[in-house]
Amino acid sequence: MVRAAAPALGLLLLRLLQLLSLPAARSGLPGDLLYISEYFSQSAQKLSFYSWYGNAKLFRFQVPEDTILLRWLLQASKGKGPECTSTEITVHFSYGAPPVINPLGTRFPSNATVRPSYNLTMTLSVTLQNSTFVNITTPAAGDWFIAAHLPQAAGKIEVKGFSTPCAYIFQPDMFVLRFVDVPVLQPGTRLQQTIASPARPLHVKIFIPEYTATMQFTLRNCVVNSTKACAIRVVLGSIMLPQSFQKTLSCKGTADCSLVLHSPPWEKWLQIMAENLSTANASVSFEMIASFTACKPGSTNSFLNFYSSLNQNQSTPALAGGRNASTLGMLGNTTLPAVGAANNVSDPGTFCLQNQPVIREDLDVASVRFRVINGPSIPVHSEFPTLLLFNLNTGMDSGGTLVVNLLLNETSLSIGNASVFACVSAASPVLTLNTTRNCSTAFFQGYPLNVNASSTEATLIIPYPETDNWFLSLQLICPWGQGECNKAKAKVTVSIYLTPCFDDCGTYGQCSLLRRHGYLYAGCSCKAGWGGWSCTDNTKAQSVGLQNLATLLLTLSNLMFLPAIAVALYRYYLVEASVYTYTMFFSTFYHACDQPGVAVICIMDYDTLQYCDFLGSVVAIWVTILCMARVKKILKYVLFVLGTLLIAMSLKLDRRGIWNMMGPCLFALIIMIMAWVYHGVKRRHCYPTSWKRWVFYLIPGITLAFVAISVYAFMETNDNYYYTHSIWHILVASSVAFLLPPHDKHKKPWAWSQKLICRYQICKNDREELYVVT
């Protein structure tokens, strides 16, 4: 049972103290159990607006065995500034693996099977804090995950340091109440139990051995105060989110009641809870008994063939692609026949399933390949299912994507209208494919697959498979009954692998490995308008023509630096012209490499191009303003070099900070204003003195610069970036051409070429350029 509540702060603290103060105790009543309470917490995280899975903050908790009550305390808060508006926080819960979420409503890959996560919403409006309890009774033991995020991101490109984003903080705490020494129900043995009162349910557990086909649970001899009329409800299994398949058995009156579980989870403890439904406060006594039906596995291939195949694999020094196998683990159990046995299956009358041994081969983080011994083609029969076991219970496999592919060999299908029905399930396999054709076990809804002569291939994609042993069951099914098959066979090629991202997120996506407290999981970050879990949703995708247009705009707009370079050369500003050339070159090729689509050209490492682009942009602004200051040349060049070194250092620390650009600009403006004031006082006239210089050069240049800054800081979004940033390039480059000061009146244009020839003219009066009209 899952419940959510939002108590007041005072009541919240009181309930926390009450829960934490629960000692390890025994009440002294008959049948009472020893219970203890435990508390688990993780550090608070700053939430982000959602655009891809990496924006969601993931929390991982380990629920211990025999837990009867799980309580999460969810605490959310926001800052006090005016930028902190009302918002909603969505919290997702999942057992065994991170929750698969889809806040943007995008499409999953065509063969993907997704079950929506259990979620709730926390609102932060007037109050700065919100606390909510989530209670889960009889939760499943193992990994539980919580993912929290804010609503969809607005898409605006925020300049770091220009505005202060609001801080939304989220922290979950987990409290568990668990029993110690829970009574164990042994198979085939009667267990006498008593429920003291309706308020205190009874808890027992039973271990399910491997190869259990069915489990029959029976409750008998129910007595209430020495009478035979009783009312008891028995719940088998634990709660697992987002879906839970607990089985309920209601027993009323004097008759015995029983429940049969098909394919219960193998090699696990099954929790059983019994509740007294009577209104009277009276004790209830009864007997429990459970029995199992085993499914004996048959042998597949001879031991010699298996041993030779394994030796051959181990003798191979390298795998395909030059990668060595880091782990070779044998999964699955086989009955090894005597040496020299036939290379066919055992007598079908002595077993009910056929095992195929599987090797697990670890390749990388969340990257595993499963190989069938003497495969990949395996025989599938009509009399019994063929079973493959692939282990995903390492605790680090749930952060990837499981892919199962089946390919039917048409020539091996002896009956044309027959089909191979398959089922992928966790914890236990489906063993009744030929009768029920239902892909479900006692506590898990499996994933069906089907191949036949008309459709020979089937693929299943499971994002974030839960941590457990997984099974693939296959059986040949005839449309008019199994008798028609008459021991028919078929061969199916099976491919099973775990990958961080399906298809590596495609052409328009990037697979990113995310980490949370040592737990690694993967997610796709999509580009060029593509979306979806694996970047396969092209609803808002940019066309190839639009991608080419964006690349051309962002690169060719840098050619507007050519007029600035020409003006600088004409006026003998060689250093400034060199800086503008450097900026134009690296900005062009950085944006050619930064494109999200297929129109991408990278002449060197992306990070190097980005750093050089940022460095050139800031240094170009720095040298332009210092050139306008008209200081002495020796001082100007010293400031050029010193400022460039400081800018390079600051960009190495944080290249996206707004003060890395604004700091040099402001300092250069201060120097320019001081120099202009000095010139004006010296001349007793406004500097620059010419009104034409102000009207036709300075005012247009300053206007272009302010418009460029406004576009860069306030108008850029992810959707309009390609043309707003191109406008930024054009405006900044144009403003430089207007703002560069004129050359000296006494010096002819291109005088620098004459200085290279006339080496004897080494003296020049550089005191004060009072005669220059600027």
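1. Helix H3 covers residues 544-556, 13 residues in all. At 1.5 Å a residue it should span 18 Å, and its end C-alpha atoms are 18 Å apart, so expectation and model agree. Keep in mind that this is a predicted model.

2. Which residues of H3 are buried? They are Gln 547, Ala 550, Thr 551, Leu 554 and Thr 555. Viewed down the axis of H3, the buried residues fall within an arc of 115°, so they line one face of the helix. These buried residues pack against H5 and against helix H10 (721-739).

3. Gln 595 deserves a look next. It sits in the loop between helix H5 (574-593) and helix H6 (606-629). Is Gln 595 buried or exposed? Its relative accessible area is 9%. The cut-off for buried is under 20%, so Gln 595 counts as buried.

4. Leaving out residues up to four places away in sequence, Gln 595 touches Ala 550, Thr 551, Leu 554 and Val 600. Ala 550, Thr 551 and Leu 554 are among the buried residues of H3. The side chain of Gln 595 also reaches the backbone oxygen of His 591, at 2.7 Å.

5. Elsewhere, look at the open sheet of 4 strands. Its order is E13-E18-E15-E16, and the pairing is antiparallel. Strand E13 (202-208) and strand E16 (247-253) are the edges, each pairing on one side only. On average, neighbouring strands are turned by 20° against each other, direction ignored.

6. E13 pairs with strand E18 (residues 268-276) in the antiparallel sense, over 7 bridges. Ile 206 stands opposite Leu 270 in E18.

Conventions. Residues are numbered from 1 along each chain as its sequence is written. This is a predicted model: local features need pLDDT of at least 70, side-chain atom pairs count only at pLDDT 80 or more; totals for chains, interfaces and linings use all residues. Side-chain values use heavy atoms; hydrogens and water are left out. Two strands pair if DSSP finds at least two bridges between them. Helices (H or I, at least four residues) and strands (E, at least two) are DSSP runs, numbered from the N terminus. Axes are lines fitted to C-alpha atoms, for helices over the stretch in contact, and angles run from 0 to 180 degrees between N-to-C directions. Buried means under 20% relative accessible area, exposed over 50%, partly exposed in between (1.4 Å probe, protein chains only). A polar contact is a pair of N or O atoms within 3.5 Å; within protein, one must be able to donate a hydrogen and the other to accept it, and residues adjacent in sequence count only if both atoms are side-chain atoms. Contact means heavy atoms within 4.5 Å. The expected span of a helix is 1.5 Å times one less than its number of residues. The arc is that of the directions from the helix axis to the C-beta atoms.
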